[in-house]
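Biologist: Hi, I have just opened this one and would like a walk through it. Could you take me around, one piece at a time?

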Amino acid sequence: CVSSQLGCAKGCSFCATGTMGLLANLSSADILEQVWLVRNTLIAAAESQKEGDRNKVNSVSRKASAKAAGLSLRNVVFMGMGEPL
């Protein structure tokens, strides 16, 4: 899930996100960074499973090793806390 806001303006007492209030709307760069971080985490996890010298692995083989390990990013769900539809 990719978030579009930091916090929530609804203020529901049963929700931790709601009780913190709306702190900010995220920029498009902030939103894309969430996807980038997850993708790189999956690649790093695949590399840790792989044997050999990880310093010589280029970006193409890094992506291939993540996919081969079944750790590719396939679905992204766009979320927004407290946003009206």
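Biologist: Let me start with a residue I clicked on: is Leu32 buried or exposed?

Modeller: Leu32 counts as exposed, because its relative accessibility is 59%, and the cut-off for that class is over 50%. Please keep in mind throughout that this is a predicted model.

Biologist: Where does Leu32 sit?

Modeller: Leu32 has its place in helix 2, a helix of 22 residues that covers residues 28–49. From its first C-alpha to its last, helix 2 reaches 32 Å, which is close to the 32 Å expected at 1.5 Å a residue.

Biologist: And which residues of helix 2 are buried?

Modeller: The buried residues of helix 2 are Ile31, Asn40, Ile43, Ala46 and Glu47.

Biologist: How far is Leu32 from Ser3 in space?

Modeller: Going from C-alpha to C-alpha, Leu32 and Ser3 are 9.9 Å apart in space, while in sequence they are 29 residues apart.

Biologist: Stepping back, what is the overall make-up of the chain?

Modeller: The protein chain has three helices and four strands, and from the N terminus on these elements follow the order β-β-α-β-α-α-β. Of its 85 residues, 16% count as buried. The accessible surface comes to about 6,300 Å², and carbon and sulfur atoms account for 58% of that surface.

Biologist: Where is the confidence lowest, and where is it highest?

Modeller: Confidence is lowest in helix 3, residues 59–68, where the mean is 60, and highest in strand 3, residues 22–25, where it is 89. For the protein chain as a whole the mean pLDDT is 75, with 68% of the residues at 70 or more.

Biologist: Changing topic, what is going on at Cys1?

Modeller: Cys1 lies in the segment before strand 1, the strand that spans 2–3, and Cys1 counts as exposed because its relative accessibility is 74%.

Biologist: Which residues does Cys1 touch?

Modeller: Leaving out residues up to four places away in sequence, Cys1 touches Gln34, Val77 and Met79. Cys1 and Val76 are 75 residues apart in sequence, yet their C-alpha atoms are 6.0 Å apart in space.

Biologist: While we are on cysteines, how many disulfides are there?

Modeller: With a cut-off of 2.5 Å between cysteine sulfur atoms, the count comes to zero disulfides. Cys12 is in no disulfide, and the nearest cysteine sulfur, that of Cys8, is 6.2 Å away.

Biologist: Last one, then: what does the side chain of Gln5 pair with?

Modeller: The side chains of Gln5 and Asn25 are joined by a polar contact of 3.1 Å. Gln5 lies in strand 2, residues 5–7, and Gln5 counts as buried because its relative accessibility is 12%, where the cut-off is under 20%.

How values were computed:
Residues numbered from 1 in each chain as written. Predicted model: local features only at pLDDT ≥ 70, side-chain atom pairs only at ≥ 80, totals over all residues. Heavy atoms only, no water. Helix = DSSP H or I, 4+ residues; strand = E, 2+ residues; numbered from the N terminus. Buried < 20%, exposed > 50% of the residue type's maximum accessible area, 1.4 Å probe, protein only. Contact = heavy atoms within 4.5 Å. Expected span 1.5 Å × (residues − 1). Areas by Shrake-Rupley, 256 points an atom, 1.4 Å probe, with all protein chains shown as cover. Polar contact = N/O pair within 3.5 Å; in protein donor to acceptor, adjacent residues only side chain to side chain. pLDDT = per-residue confidence, 0-100.
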